[in-house]
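This report describes selected features of one protein structure. The sequence and the model are shown first.

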Amino acid sequence: MSIRPVIEAHRAQPAMEGAGVRLHRGFGFGDPEAFDPFLMFDDFRGDHPNDYMRGFPWHPHRGIETITYVLEGTVEHGDSLGNTGTLGKGDIQWMTAGSGIMHQEMPKGNFKGQMHGFQLWGNLPSSLKMTAPRYQDIKSGAIPEVTDDDGVTVRVIAGEFWGQKGPVDGVAADPQYLDVTVPAGVKKRFKIDTYRRAFAYVFQGSAAFVDASTPSGVLLEKEVMGQEVNIRDMSGNRTVVRFGSGDEVVVQAGEEGVRFLLVSGAPIEEPVAWHGPIVMNTHAEIQQAVRELRNGTFIKPAH
């Protein structure tokens, strides 16, 4: 067994999207190779309606898949194909934009006014960029949840893990998407196929993602006042952890325990041309998409 090293750990940065939704961006609009096949990850979390109520009004997507996972509150969605629905607590939506779709996502808080969810963008290979759009709306009860003898709990959203298969299927990146909870002080190993790229997103508690007996943090080299120094970084709330190659991830939970998403996928390794919510392989394809948006031919007829 080879342990995947931590090659990057950073805090998600505040951002604003849609019509004025306050969120934290884990990664996106940077080097597309770093997280290939994933392009962007957002944590939209708010305790007050003003943080999120304006939502994400009608906007286009092409060439990608969007994965929305709701923890608190609801998200109402509709699209140019006539699909509508509401995602509630624990629900997930996996939307393949393919050749193009117009949709909107409007969040609402729970009875306390709290809203919390994640959105991950997955790239599509060139052979599937113009595939027909489709939705997979999955209710919380359909997502298998497994608890090990040491109290570690895993919700298997996509892929196979611990003998369970997630309900999301037919996705280009062949993803594994897990929601993991590790109790305080517990050390756990999670196997990940060596050919996958992998990252974790910590959103509750803290942990060290190293083979260490105590959660003393990840030893990282960072620049401080122009000097390269080694510091210990406990990966805490709203932290993205990107792993190097290997076939397992080791997690040592801190004194509060830890909850994180563990996501991996097969890299596509193709050129990326990016224009907001439209991701293609060439600049010419981006220009074509923009022209189609302007002349009304962006949405393709069903075959």
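The sections below treat a sheet and a helix of this predicted model.

## The β6-β9 pair

Strand β6 covers residues 64-72 and strand β9 residues 92-96; the two run antiparallel and are joined by 5 bridges. Glu65 stands opposite Thr96 in β9.

## Helix α1

Helix α1 spans residues 283-295, 13 residues in total. The distance from its first C-alpha to its last is 19 Å, close to the 18 Å expected at 1.5 Å a residue. Just after α1, Gly296 takes a positive phi of about 85°.

The buried residues in α1 include Ile286, Ala289, Val290 and Glu292. They cover an arc of only 160° around the axis, which puts them on the same side of α1. An α-helix has 3.6 residues a turn, so residues three or four places apart point the same way.

The buried residues of α1 pack against β24 (273-275) and β25 (278-280). On the face turned away from the buried side, α1 carries the exposed residues Arg294 and Asn295.

Definitions and conventions: Residues numbered from 1 in each chain as written. Predicted model: local features only at pLDDT ≥ 70, side-chain atom pairs only at ≥ 80, totals over all residues. Heavy atoms only, no water. Pairing = 2+ DSSP bridges. Helix = DSSP H or I, 4+ residues; strand = E, 2+ residues; numbered from the N terminus. Expected span 1.5 Å × (residues − 1). Buried < 20%, exposed > 50% of the residue type's maximum accessible area, 1.4 Å probe, protein only. Arc of directions from axis to C-beta. Contact = heavy atoms within 4.5 Å.
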